[in-house]
Amino acid sequence: MKSERGFLSRLKEKIFGDGGLLEIRYENLYGSSESRRHAEKARKSISRRYIIAAAVFGILAACSAVLSQGDDVPVLTDDGGKSFYVIRPDKNSGPVTLDVEMTVDTKDGQVVKEIQMVIDPEEEQEVRNEETIETAGRESYSDRLEREMRSAVRAVNEDVTMKKVTLPETLAGGEKVTWKKTESSDFPVLIMLFMVTVFIIFRTRYSSPEKEEQEAKESIIRELPEFINRIILLLNAGVVLSTAFITIMEGREKLGAEEKSYFYGQMRNIYTKLRRANGSLNTELRDFAKRSGVRELMRFSNIVSDNLSKGADLVGKLRRESEALWFARKKQSEEKGRTAETKLTFPLVLLLLVLVMVTIAPAMLEM
């Protein structure tokens, strides 16, 4: 029993995402206090995707079943399979298309042909006169067989006054004909689409933390140079590092705007710990840099740590680091611009193809 529960637990973690792994990844992003909440939120999001996929599949399957049951023109068999007939639609109904398989026993074997039989609704009128097709010269056996098969299909609508139409058992040449309704169902296609959707959801079950990790890294690289510049300005004004940090965060709080930046969101957490728990700025910065794994932030943390332990020139090192970060940010912006240009190439090619087709379409239609 325990092994069965263990198997179900491992299967659940495999499908919906490993809770321990999610907590570790979110702990690196937001710290230990927020990791469990974010991990549970991510797993609920994955579960919601599976539920939506299953619900859409169930709705489509039900609609397909209802539509297939709505077919009121079945091919019926009686007399032990010797005769076949169809039931004509009512007067107020339109023509109904029926997929059938026609098998003809010939001297060379069986000829099987899948056709769409259009059955006209029942009407109160005289029998239609089918035109007789005269063949010029001597007709080959295969041509004659093809002509008689088409004639057998057209015979269904020769007399629209009959509700029950018996299909011919033999062709004009004496060949025996067997009729069979072709069962067409969308269910296999729906199952395939459902399996593909589930596979995509399974493969992307860790996409949410991956996206947040990428956005967090970009936020740090984007916001850190400006943050260091503010630190330098306050240090040059004679303010100590911890006071400069508090001044910057209090200035952002006075703006009253909701903090949407990941970098400043984490800096606000550090500021809260400094104010409420009298924490160490050096320790908190080092912990944040270690969790993020961003080299630029780790260098900034090491500079701060060296200043506190060795009394190194903080302003000079921060100024050089700021210049390097601004250069890296400029380079990153250029790379994003080139990537955007590459992504725009495919839509431009499609527009060019459409323009070419619109230009040459009149000439092609006149040929």
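Aromatic pairs in this predicted model number eleven, where rings of Phe, Tyr and Trp (its six-membered ring) are taken to pair if their centres lie within 6.5 Å, with planes under 30 degrees apart classed as stacked, over 60 as edge-to-face and the rest as tilted. Tyr26 and Tyr30 form a stacked pair, because their ring centres are 6.2 Å apart and their planes meet at 15 degrees. Both residues belong to helix H2 (residues 19–30), where they are four residues apart, about one turn of the helix; helices (H or I, at least four residues) are DSSP runs numbered from the N terminus. Tyr26 has 1% relative accessibility and therefore counts as buried, a term that means under 20% relative accessible area with a 1.4 Å probe and protein chains only.

The pair of Phe227 and Phe300 is edge-to-face, with 6.1 Å from centre to centre and 85 degrees between the planes. Phe227 lies in helix H6 (residues 207–236) and Phe300 in helix H10 (residues 295–310), so this pair ties together parts that are 73 residues apart in sequence. Phe227 and Phe300 are both buried.

Ring pairs also join residues into a cluster, whose members include Tyr26, Tyr30, Phe227, Phe300 and Tyr264. The charged end of Arg252 sits over the ring of Tyr264, 3.7 Å from its centre; this requires NZ of Lys or CZ of Arg within 6 Å of the ring centre and within 35 degrees of the ring normal. Arg205 likewise lies over the face of Phe202, at 4.0 Å from the ring centre.

Residues are numbered from 1 along each chain as its sequence is written, and side-chain values use heavy atoms, without hydrogens and water. In this predicted model, local features need pLDDT of at least 70 and side-chain atom pairs count only at pLDDT 80 or more, whereas totals for chains, interfaces and linings use all residues.

Technical notes
Helix = DSSP H or I, 4+ residues; strand = E, 2+ residues; numbered from the N terminus. Buried < 20%, exposed > 50% of the residue type's maximum accessible area, 1.4 Å probe, protein only.
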